[in-house]
Amino acid sequence: MVPATAGAGSGSELRPTTYSSQSSPLGAVALAVLALIGIGLAGYLTAVHYAPTLLVCSNKGLINCEAVLTSSYSVVPGTSIPITVPGLAFFLISLALAVSQLRRPANYQLRQAHALWGGLGLLTALYLVFVEVMEVHNICLWCSCVHLTLLLTFLITLWRLYPKPIAR
Amino acid sequence: MSKKSMAARRQMREAAAEGRLPGARQQSRSRTKGRNYRRNTSGRPWGLISGVVGVVAVFVIVVVLIDISLQGALKQDTKVLPAPASLVTALANIPAQTLDAVKGGAIANYPVNIPSSYKPVALSAKGLPEVGFVGAEYCPYCAVQRWSLIIGLSPFGTWSGLHTIRSSVYDAPSNIPTFSFAYGAKLTSKYLVFSTHELESNVSISKTGAPYKSLQSVTGPLATAYSTIDTASGYPFLDYAGKLAQVGSEEGTTTTDVAALQDLSWNKVLTKLRDPKSPIAQVVLGGANYVTAATCTITGNKPAAVCNSSRITTLESQLAASA
């Protein structure tokens with residue numbers, strides 16, 4: 001930190017301050033925890049796809065996990081691969097980014113990359129919410145947990161982008 | 001204020017800025033660095049985060065409100081479930097006497113020889129004759145055709161990856177229980193290759209019927225045959241190795257037997273298939289017999305056990321004479 005010194009004269013003189021480019025590790029830990037939660041949820045939903053008896057959820061009324069998880073939107077288009085598999089891959093990469101930030105806390109590019117990755121996840125979540133409501137007309141609670149995890153991930157990555165490091 | 005005093009004030013301000021006033025402290029070192037210094041006033045992005053949360057909340061609320069306003073009496077069943085093994089097994093083992101009793105059934109539009117004027121291209125893959133299917137999940141006639149295909153091709157191989165769906169509720173006949181070939185369905189056979197192309201799903205974009213969401217595409221010789229022979233690009237379309245083709249519903253213009261499948265369950269359809277006189281058996285099993293006969297013509301009448309049966313040889317003769 002460059003000590004702030006007061007110049008003489010008018011109060012409009014600039015007071016130089018700098019911020020460290022290192023961010024608190026708590027943010028990276030939170031991102032890692034969210035990624036682990038996401039891995040767990042995606043892994044469970046993938047297992048449910050192949051063994052439907054594992055599903056613990058309402059299947060009547062508006063909240064109907066089975067209707068959502070068995071709709072044509074539950075697989076990657078044109079394939080029989082459950083859409084939770086790309087989700088699992090997303091959270092694995094998110095975990096890798098979070099762990100990298102713990103090891104290299106001064107690396108701002110990692111934070112930027114994680115924010116972009118988080119943004120992509122949020123956009124995907126918004127699309128899946130749209131499909132749940134508009135096409136399937138049912139809500140899947142487990143899917144909503146995944147969407148919330150994606151939203152929190154993005155918000156924390158945004159938080160960690162500021163304050164921006166000083167150009168030296 | 002006089003001009004003199006204004007000038008004096010200005011001089012004092014300039015002197016202060018340059019630190020020339022008596023007793024002025026030295027300028028900070030960073031001030032002399034000029035370009036290397038940049039003030040950073042960024043704090044935590046509360047506004048941005050609140051904005052993102054707000055946008056997401058508004059998005060969800062708007063989507064829910066739009067859905068509520070669009071909800072009508074009809075609700076498309078979009079479930080795609082693995083076909084129960086017991087159902088597939090039952091379809092692969094329809095008793096021969098039932099199939100014999102139905103023979104051609106209610107089928108008015110069976111596969112016919114492709115005229116040479118269409119310059120048909122022999123369809124084959126992996127050294128085996130290819131049967132190509134072009135259809136759409138929403139299509140009610142494709143819905144019935146798939147039952148016939150599954151039953152009719154069972155003597156030639158083993159099915160896997162079949163999924164149950166329902167045809168469109170907005171079409172007529174509506175909500176027919178059927179299967180989709182789009183989710184990894186496969187016929188493992190040493191006699192032929194069965195290629196399937198579900199061009200559209202059963203999800204209506206307008207929530208009132210057509211158009212439906214695109215699903216798969218068709219390319220290569222089958223695409224050429226489809227566009228050449230089925231000039232209306234309708235569904236279903238079947239091409240038997242470039243020798244025989246079926247354009248449109250196997251039942252032809254009569255749709256009453258197809259309508260008999262509306263709103264039924266798959267098990268209910270299976271029950272109806274046990275009665276050779278039922279309208280459902282007449283169209284599904286009649287169609288299956290024609291599928292078997294057409295396939296036998298391109299596999300060199302293999303396997304002999306089914307291709308040499310009297311009902312199949314009779315239908316093969318009919319197909320051979322068709323134009």
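In which sense do S9(B) and strand S10 (residues 212-214) of chain B pair, and over how many bridges? They pair in the antiparallel sense, over 2 bridges. Two strands count as paired here if DSSP finds at least two bridges between them.

Before going further, some ground rules. This is a predicted model, where local features need pLDDT of at least 70, side-chain atom pairs count only at pLDDT 80 or more, and totals for chains, interfaces and linings use all residues. Residues are numbered from 1 along each chain as its sequence is written, while chains are lettered from A and ligands numbered from 1 in the order in which they are written.

**The two chains**

Chain A has 5 helices and 0 strands, and its pattern along the sequence reads α-α-α-α-α. Chain B has 12 helices and 12 strands. Helices (H or I, at least four residues) and strands (E, at least two) are DSSP runs, numbered from the N terminus. Of the 168 residues of chain A, 34% are buried; for the 323 residues of chain B the figure is 39%. Buried means that 20 or more other C-beta atoms lie within 10 Å of a residue's own, exposed means 12 or fewer, and partly exposed is in between, with C-beta atoms placed from the backbone.

Now for contacts, meaning residue pairs whose C-beta atoms, placed from the backbone, lie within 7 Å. In chain A, 71% of the contacts between residues at least 6 apart in sequence join residues at least 24 apart. In chain B, residues 24 or more positions apart account for 72% of the contacts with a separation of 6 or more.

**Chain A: a helix and a loop**

Helix H5 (residues 141-159) of chain A has 19 residues and reaches 27 Å from its first C-alpha to its last, close to the 27 Å expected at 1.5 Å a residue. That expected span is 1.5 Å times one less than the number of residues. The buried residues of H5(A) include Cys143(A), Val146(A), His147(A), Leu150(A) and Phe154(A). As a reminder, an α-helix has 3.6 residues a turn, so residues three or four places apart point the same way.

Ala106(A) sits in the loop between helix H3 (84-103) and helix H4 (108-136) of chain A. Why does Ala106(A) count as exposed? Because it has 11 other C-beta atoms within 10 Å. Its C-alpha is separated by 10.0 Å from that of Ser24(A), 82 residues apart along the chain.

**Chain B: strands**

Back to strand S9 (residues 193-204) of chain B, which is mostly covered, with 10 of its 12 residues buried. S9(B) also runs parallel to strand S4 (residues 128-136) of chain B, joined by 7 bridges. Glu130(B) has Val193(B) in S9(B) as its bridge partner, and Ser204(B) stands opposite Tyr212(B) in S10(B).

Elsewhere, 3 strands of chain B form an open antiparallel sheet in the order S1-S6-S7. Strand S1 (81-82) and S7 of chain B stand at the edges with a single partner strand each, so one side of each is left without a neighbour in the sheet. S6(B) and S7(B) share 4 bridges in the antiparallel sense, and Ile165(B) stands opposite Thr178(B) in S7(B).

**Chain B: two packed helices**

Helix H9 (residues 266-273) and helix H10 (residues 279-298) of chain B pack at an angle of about 90°, with their axes 8 Å apart. H9(B) and H10(B) are therefore roughly perpendicular to each other. The contact involves Val269(B), Lys272(B) and Leu273(B) of H9(B), and Ile280(B), Ala281(B), Val284(B) and Leu285(B) of H10(B).

Axes here are lines fitted to C-alpha atoms, for helices over the stretch in contact, and angles run from 0 to 180 degrees between N-to-C directions. Under 35 degrees counts as roughly parallel, over 145 as roughly antiparallel, 65 to 115 as roughly perpendicular and the rest as oblique.

Most residues other than glycine have a negative phi, and most peptide bonds are trans.

| Site | Feature | Value |
|---|---|---|
| Ala172(B) and Pro173(B) | cis peptide bond | omega about -5° |
| Tyr235(B) to Pro236(B) | cis peptide bond | omega near -10° |
| Lys126(B) | positive phi | phi near 55° |
| Ser233(B) | positive phi | phi near 50° |

Pro173(B) is in the loop between strand S6 (163-166) and strand S7 (177-180) of chain B. Pro236(B) lies in the loop between helix H7 (220-229) and strand S11 (237-240) of chain B, and Ser233(B) is found in the loop between H7 and S11 of chain B. Lys126(B) is exposed, with 7 other C-beta atoms within 10 Å.

Notes: Contact = placed C-beta atoms within 7 Å.
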